[in-house]
Amino acid sequence: MSNSLDGKVALVTGGGGGIGRETAKVLVDHGARVVVADLSEDAGNGTLEYIDGGDAVAFVRADVTDLASMQHLVQAAVDRYGRLDIAHNNAGIELTGPDLADVTVEQFDKVIAVNLTGVFISMKAEIPQMLAQGGGSIINTASSLGQSAIAHQSAYVTSKHGVIGLTRAAAVEYSDKGIRVNAVLPGVIQTPMIDALEETYPGFKDALLTKHPIGRLGTPHDIAEMVAWLGSDAAAFATGSQFAVDGGYLAI
Ligand code: NAD
């Protein structure tokens, strides 16, 4: 089975950010046509500039917390490229700081709304199109914090554990209909999200380094190649699973 993405059409949510931007590029490099989706128009357009992929890439502003917006995104992909084979549901936010008892209900709900309900909404919008065309591959971005926990991240940790459950539930329902559903679990990846945390908590990055036996933080490219493989026919028997790309984070 080939790991080429020739002829395939993909969408990437959070496609303006660190991991999503690189994933969109790698998908194009492997032969896919890609719709980059993000809440931020500037970030999305930045990705188009970064990829420089001509007609093979387009940006559509979309909000993963809004079903109508996600349905519009899927329709835009179909209108432009004819189908939807790969969906990388990757948009996410983090909340670091307060211990659990000091997290407000609003703060907790907001993280869940984007990171977990956003993945549910994304799949709800994508699956009908994939069923109509006979299949597809969905890759949800969870985290090593979907299988472990650190302090001060209760909402985030909860959301990412939820993404793994949702991924498994969707795989059980749709794998025999040609839709494979998997989760990618990045370790700590050098992205703007991590830079923002380092600004708030100087020394954060060095502390996290000790949790990666491989001796470095990840790059967006490390994750993008896994997403490209999961999206390809080479991964034809992979569904309902969690693929850690984490420099050994979960091995400790
Ligand atoms: P990032 O902040 O660089 O990018 C996230 C993107 O999501 C941004 O462009 C943002 O505009 C977009 N976004 C936020 N809310 C949105 C919404 N409601 N609708 C659509 N787009 C929205 O972050 P990143 O590091 O690239 O993270 C991408 C994913 O990887 C997230 O789900 C994150 O939780 C996960 N992750 C990141 C790391 C890491 O170390 N960076 C580790 C594990 C998992």
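Predicted model: local features only at pLDDT ≥ 70, side-chain atom pairs only at ≥ 80, totals over all residues.
**Helix α5 and its surroundings**

With 21 residues, α5 reaches 30 Å from its first C-alpha to its last, close to the 30 Å expected at 1.5 Å a residue. Its buried residues include Ser 154, Tyr 156, Ser 159, Lys 160 and Thr 167, along with Gly 162, Val 163 and Ile 164.

A polar atom of the Ser 159 side chain lies 2.7 Å from the backbone oxygen of Tyr 156. Not counting residues up to four places away in sequence, Ser 159 touches Val 111, Ile 112, Asn 115 and Leu 116.

Gln 153 belongs to the loop between β5 and α5. With a relative accessible area of 5%, Gln 153 is buried too. If neighbours within four places in sequence are left aside, Gln 153 is in contact with Leu 95, Thr 96 and Leu 145.

**Around the ligand**

Tyr 156 also leads us to the ligand. Of the 28 residues around the ligand, the ones that come nearest are Ile 19, Asp 38, Tyr 156, Ile 189 and Thr 191.

| Residue | Protein atom | Ligand atom | Distance |
|---|---|---|---|
| Tyr 156 | polar side-chain atom | oxygen | 2.6 Å |
| Gly 18 | polar backbone atom | oxygen | 2.9 Å |
| Val 64 | backbone N or O atom | nitrogen | 3.0 Å |

On its own the ligand has 830 Å² of accessible area, and the protein covers 90% of that.

**The nonpolar cores**

Which residues have the most contacts inside the largest nonpolar core? They are Leu 11, Val 35, Met 70, Leu 73, Met 123, Ile 138 and Val 181, in a core of 36 residues. At least two residues of this core come from each of β1 (9-13), β2 (33-38), β3 (57-61), α3 (67-81), α4 (105-133), α5 (154-174) and β6. Helix α4 supplies the largest share, 9 residues.

Helix α8 covers residues 220-231 and has 12 residues; from its first C-alpha to its last it reaches 16 Å, close to the 16 Å expected at 1.5 Å a residue. Its buried residues are Pro 220, Ile 223, Ala 224, Met 226, Val 227, Ala 228, Leu 230 and Gly 231. They pack against α1 (18-29), β4 (86-89), β5 (136-141), β6 (179-186) and β7 (242-245).

Is Val 105 buried or exposed? This residue of helix α4 counts as exposed, because its relative accessibility is 58% and exposed means over 50%. The C-alpha atoms of Val 105 and Trp 229 are separated by 38 Å, and the two residues are 124 residues apart along the chain.

Technical notes:
Residues numbered from 1 in each chain as written. Heavy atoms only, no water. Helix = DSSP H or I, 4+ residues; strand = E, 2+ residues; numbered from the N terminus. Expected span 1.5 Å × (residues − 1). Buried < 20%, exposed > 50% of the residue type's maximum accessible area, 1.4 Å probe, protein only. Contact = heavy atoms within 4.5 Å. Near = heavy atom within 4 Å. Polar contact = N/O pair within 3.5 Å; in protein donor to acceptor, adjacent residues only side chain to side chain. Areas by Shrake-Rupley, 256 points an atom, 1.4 Å probe, with all protein chains shown as cover. Core = buried A, V, L, I, M, F, W, Y, C linked by side-chain atoms within 4.5 Å.
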